[in-house]
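This report is written for a reader who has the sequence and the model at hand. Please look at both before reading on.

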Amino acid sequence: MTIELTRSADFSGRFIEWVRGKGNILIVAHDNPDPDSLAAAMALKHLILVKTGQKATVTYGGIIGRGENKMMVQKLEIKSEPIDRIDLDRFQVVCMVDTQPGTGNNSFPADRPVHLVIDHHPAQGVCVNCQWVDIRENYGASASILFEYLLAQNVTINTKLATILFYAIKSETQDLGREWCKADREAYLHLVPLANNRILFDITHPEVPREYFASYSRAIRNARTYGDVLVFNLFAIDNPDMVAEMTDFLLRADGITAALGIGYHQGMGILSFRTLSHDLKSGDLMKMVVGDLGTAGGHGMIAGGQIRPMSADPVLQKELQNTLTLRLLELLGRKKIRGRKLV
């Protein structure tokens with residue numbers, strides 16, 4: 001298999017020489033991190049350790065709540081710390097993976113410098129203030145970028161790291177069925193024989209609490225369809241990941257080409273958007289849907305958003321749902337019709 005590593009070799013090599021001896025290193029994943037964000041963080045941590053001998057700390061905001069992600073952290077021994085337990089003044093170098101400064105989906109303070117950004121989402125303006133930036137919008141997963149760094153720097157990929165990188169690409173691209181490029185496919189195929197199949201099975205078949213099934217029930221009961229557009233509201237949730245998971249699930253309904261999910265978690269509104277259209281720029285769409293109510297972003301067929309603060313009053317949450325629904329329908333060029341129950 002031939003992988004073009006020129007860009008990855010050049011960028012990673014220059015960054016490694018720059019970071020050498022700089023002191024304590026912090027790697028920031030996005031809030032409520034998914035497999036891609038965690039995999040990219042762990043791969044960068046491993047790369048820095050092997051090439052410079054420096055240890056890095058991985059951090060995130062929110063929680064790791066999805067059953068698959070919890071099992072992944074447990075089985076693959078992913079060590080990370082919540083950002084609210086960390087003294088940020090201890091770190092001389094700050095890296096961000098699968099997220100960017102000022103996007104609203106990470107809890108790193110906006111007034112602190114970020115030195116390195118590695119991401120596959122569209123570039124945000126704040127990144128111009130970062131010394132090292134490697135953003136590849138055509139890649140389906142940030143894990144694929146980090147995989148190339150490891151390969152380019154001749155760093156051995158052990159079984160556990162191979163497994164988390166493989167699972168990240170697998171889940172982010174839906175087994176190379178959604179928003180993938182040649183680099184993702186080559187990374188995926190390279191990692192297959194290195195990954196632990198038993199651990200992968202455990203990750204994809206975790207035990208889940210009964211609230212998980214209650215979320216399915218609530219999402220289905222609250223779902224409304226507007227032609228080929230579906231909108232649902234989970235209202236108060238314990239696990240913010242459920243919004244994205246239910247959005248993925250309900251997008252499978254026949255005749256539906258776009259789905260918007262809404263939830264409320266600890267004073268914040270959680271939004272998730274999915275579409276079957278390859279031509280729709282979901283990140284730009286969600287930014288317009290959210291407007292001045294909060295922040296949003298994404299790429300291609302996937303997007304999300306955050307509304308801070310959001311009222312805990314279900315009546316006000318319903319009003320917000322109506323506002324977001326009307327904006328979405330207008331931007332998609334759909335008629336403003338009365339929503340129909342899914343079931």
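## The model

This is a predicted model, in which local features need pLDDT of at least 70 and side-chain atom pairs count only at pLDDT 80 or more, while totals for chains, interfaces and linings use all residues. Residues are numbered from 1 along each chain as its sequence is written, and side-chain values use heavy atoms, with hydrogens and water left out.

## The sheet

Strands pair if DSSP finds at least two bridges between them. Between β1 (residues 25–28) and β2 (residues 56–60) there are 4 bridges, and V28 stands opposite T59 in β2.

## The cores

A nonpolar core is a set of buried Ala, Val, Leu, Ile, Met, Phe, Trp, Tyr and Cys residues joined through side-chain atoms within 4.5 Å; buried means under 20% relative accessible area with a 1.4 Å probe, protein chains only. The largest core has 60 residues, and F15, I27, L44, I164 and L165 touch the most other members. Helix α2 (residues 35–52) supplies the largest share, 9 residues. A second, separate core has 22 residues, including L260 and M310.

## A pocket

The second largest pocket is lined by 15 residues, and M42, K45, H46, E77 and N158 lie nearest its centre. A pocket here is an open set of points on a 1 Å grid over the protein atoms alone, where a 1.4 Å probe fits, with protein on both sides within 12 Å along at least five of seven lines; lining residues have an atom within 4 Å of a point. Helix α2 (a DSSP run of H or I, at least four residues) gives the most to this lining, with 4 residues.

Key. Buried means under 20% relative accessible area, exposed over 50%, partly exposed in between (1.4 Å probe, protein chains only). Helices (H or I, at least four residues) and strands (E, at least two) are DSSP runs, numbered from the N terminus.
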